[in-house]
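Subject: Structure handover

Hello,

Please read the notes alongside the coordinates.

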Amino acid sequence: MAERGHESLEHAADMGIRGWGETPAEAFEETAFAMFDLIMDRRGTEPENDYYLSIGGRDLTGMLVEFLNELLSLADIEDSAFVSVRIERLEDDGGEYDLDAVVGGIPRDRCRKRLLSEVKAATWYGASVEREKGGRWVAGCVVDL
Amino acid sequence: MIHEEKPKAMKVEVRKIGGFLWEIPRSGDMFVPGRIYADDESMRFLLEESRTKQWDALAQVRNVACLPGIVGASMAMADIHPGYGFPIGGVGAFDPGEGVVSIAGVGFDINCGVRSMVIDVPKERVELNRERIADELFQSVPAGMGSTGALRLSVREIDMVLREGAAFALERGYGVEEDLEYIEEGGAVDGADPEAVSPRAKERQLRQVGTLGSGNHYLEVQYLDEIFDGKAAAAFGLSEGGIVVSIHTGSRALGHQIGTDYQSVLRKASQKYGIPLPESELIAAPIQSPEGRRYISAVRAGINCAFANRQAISGLVRDVFKRFFHLSDAQIRTLYEVGHNNLKMETHETPGGRRNLLVHRKGATRAFAAGRDELPARYREVGQPVLVGGTMGTSSFILTGTEQGMADTFGSAVHGAGRIKSRKQALRDYRGGDVIDDLASSGIIVRTHSRKGAAEEAPGAYKDVERVVAIMEGAGVNRRVARLHPMICIKG
């Protein structure tokens with residue numbers, strides 16, 4: 001059984017993020033965790049509020065970039081730092097994908113000391129969502145810091 | 001896909017064509033050659049990266065040369081390092097009729113730039129009070145991830161920010177009227193269309209006008225330690241030992257969201273108009289297409305947002321110094337403000353005659369030579385001040401443009417030292433607390449919201465700014481006017 005996990009990768013002035021799992025949804029969740037870990041020290045935190053996010057698109061890579069950017073802008077608008085994410089649905093409906101997710105956050109005022117860096121955006125640079133030979137899904141891109 | 005190791009070697013051919021100038025000869029899909037300002041050591045480093053790492057600034061210079069309508073050359077200044085799509089330090093000018101506008105040539109921090117102010121207070125008084133001044137600035141200027149500004153705006157007011165730029169902040173009581181004359185473009189560009197900016201981008205900005213941000217953004221109190229060009233320094237009102245405050249920030253979340261929103265718009269446009277993409281991040285739209293025009297007017301709104309942001313912060317800084325040292329407004333003067341992530345329609349003399357060009361500068365500063373109408377009357381005889389940030393521990397420079405720079409680089413300059421170590425490498429090599437303590441022992445007071453950020457921004461993570469500037473001066477493109485040494489550094 002493929003494990004799931006995430007990491008950040010060196011990328012010159014910016015940072016690469018990568019997540020993997022058994023399904024595209026798990027790989028998306030893990031990539032989001034990799035991004036959250038750049039923004040905040042999440043160790044030992046519990047979400048205080050839930051937020052809901054839905055996006056649609058035509059390809060998984062585009063969906064990944066949009067998903068990560070939606071998380072960044074939602075966090076700003078809600079003045080929140082995100083610590084958890086669960087993808088409820090990531091379906092291929094005849095070439096059109098739909099994604100629904102629940103994101104757990106903490107108001108920034110209550111976790112300011114844990115905040116690390118601002119991520120400006122998820123970029124298309126090095127962006128991909130692929131299934132490896134072993135069956136594991138791997139997603140990632142470069143984020144602008 | 002992102003890999004730690006580069007999957008296969010990709011060869012970029014370079015040849016030296018001047019003391020500090022290298023060329024990637026035109027070949028394959030390139031419309032123009034690539035030109036890189038570097039000394040032998042920097043070029044060895046770039047070639048080594050090109051061979052061994054996945055990221056490759058030289059390949060990025062070459063890729064930009066493949067975009068339709070590019071004029072002259074795809075260029076990189078001496079602070080070149082890998083970005084996404086364009087290299088940082090990259091300059092690309094495009095024909096407004098046949099050319100394209102590329103999102104990677106502007107980046108997500110639209111009109112990120114530097115404002116420098118000359119403060120009429122003796123260096124000794126600042127030295128004696130540096131801890132207290134650092135505390136006051138740290139308390140007064142919102143910095144760090146998720147910080148919010150004193151200006152709480154409505155969407156209607158954000159639309160005003162996007163049209164009016166620095167003047168909006170001035171009307172709200174930040175700064176003085178004279179500031180506007182010493183901001184590039186007078187603190188607002190024409191052609192900004194708030195309608196081209198998404199409601200979400202505006203919503204993200206409601207509480208962010210007047211915030212410094214994090215990462216490499218900073219507020220620094222500096223003293224002038226050496227003058228290289230007496231005539232220009234006199235015109236700029238600079239003297240040895242004088243105090244300068246520099247503010248480095250940009251358009252904050254609004255700029256980030258414009259970049260994000262137009263990624264998908266320009267991606268579709270690239271397909272629609274059949275623009276060949278040498279790499280996925282170099283998405284672009286014809287300048288004359290509806291998508292291209294709309295993106296340009298959104299960028300112009302982002303440019304104005306950054307002008308307003310720096311004006312607001314300059315007002316906060318002004319108030320701290322006025323209060324602390326009992327200064328009058330006349331004793332605090334804006335030296336200049338200039339951006340380094342920009343998209344500008346400019347007139348340039350080219351071998352084919354005088355032309356309007358859309359100039360992308362990604363991590364590169366406009367550096368106009370003497371005589372240009374765009375410059376304030378006071379500086380017109382010596383050229384535009386170019387504000388080049390160093391690191392927390394090293395000097396910053398004030399440069400000016402040259403005639404050769406106008407001809408060779410469309411009037412461009414470096415914007416900083418340029419990163420040499422990845423953030424991850426910097427985190428392995430330095431501890432934030434040690435960085436701050438080391439700087440304190442050499443007399444530089446750092447106040448930061450993030451110790452991790454201090455490690456990422458350690459002086460050793462950057463190229464030697466002295467060398468970067470020497471390359472540009474050696475090539476005749478920029479001229480050194482003065483060097484500034486840091487005393488207090490406020491980081492996000």
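Helices (H or I, at least four residues) and strands (E, at least two) are DSSP runs, numbered from the N terminus. This is a predicted model, in which local features need pLDDT of at least 70 and side-chain atom pairs count only at pLDDT 80 or more, while totals for chains, interfaces and linings use all residues. Residues are numbered from 1 along each chain as its sequence is written, chains are lettered from A and ligands numbered from 1 in the order in which they are written, and side-chain values use heavy atoms, with hydrogens and water left out.

Chain A first. An open sheet of three strands has the order E3-E5-E4 and antiparallel pairing; two strands pair if DSSP finds at least two bridges between them. Strand E3 (49-57) and strand E4 (80-92) of chain A are the edge strands, each pairing on one side only. Direction ignored, neighbouring strands of this sheet are turned by 20° against each other on average. Nine bridges join E3(A) to strand E5 (residues 97-107) of chain A in the antiparallel sense, and A:Leu53 has A:Ala101 of E5(A) opposite.

Two helices pack on this sheet. Helix H1 (residues 24-39) of chain A touches E4 and E5 of chain A, and its direction makes about 165° with that of E4(A). Contact means heavy atoms within 4.5 Å; axes are lines fitted to C-alpha atoms, for helices over the stretch in contact, and angles run from 0 to 180 degrees between N-to-C directions. Helix H2 (residues 60-77) of chain A lies across E3, E4 and E5 of chain A at about 150° to E3(A).

H1(A) and H2(A) also meet each other: their axes come within 11 Å and cross at roughly 40°. Among the contact residues are A:Phe28 and A:Phe36 of H1(A) and A:Phe67 and A:Leu71 of H2(A). By class, the contact has 13 nonpolar residues, one polar and no charged (Ala, Val, Leu, Ile, Met, Phe, Trp, Tyr, Cys and Pro count as nonpolar, Asp, Glu, Lys and Arg as charged, and the others, Gly among them, as polar).

In chain B, seven strands form an open sheet of mixed pairing, in the order E1-E2-E3-E4-E5-E13-E12. Strand E1 (15-16) and strand E12 (341-350) of chain B each have a single partner strand, so one side of each is left without a neighbour in the sheet. E12(B) runs antiparallel to strand E13 (residues 353-362) of chain B, with 10 bridges between them. Helix H10 (residues 290-325) of chain B lies across E12 and E13 of chain B, at about 110° to E12(B).

Last, the cavities. On a 1 Å grid over the protein atoms alone, a cavity is a set of points where a 1.4 Å probe fits but cannot get out, and lining residues have an atom within 4 Å of a point. Grid points are joined across faces, edges and corners, and a volume is the space filled by probe spheres set on the points. The whole structure has five cavities of 30 Å³ or more.

- Of its 19 lining residues, A:Ile39, A:Leu72, A:Ala75, A:Arg108 and B:Met145 are closest to the centre. H2(A) gives the largest share of this lining, four residues.

Regards

Terms used: On a 1 Å grid over the protein atoms alone, a cavity is a set of points where a 1.4 Å probe fits but cannot get out, and a pocket is an open set with protein on both sides within 12 Å along at least five of seven lines; lining residues have an atom within 4 Å of a point.
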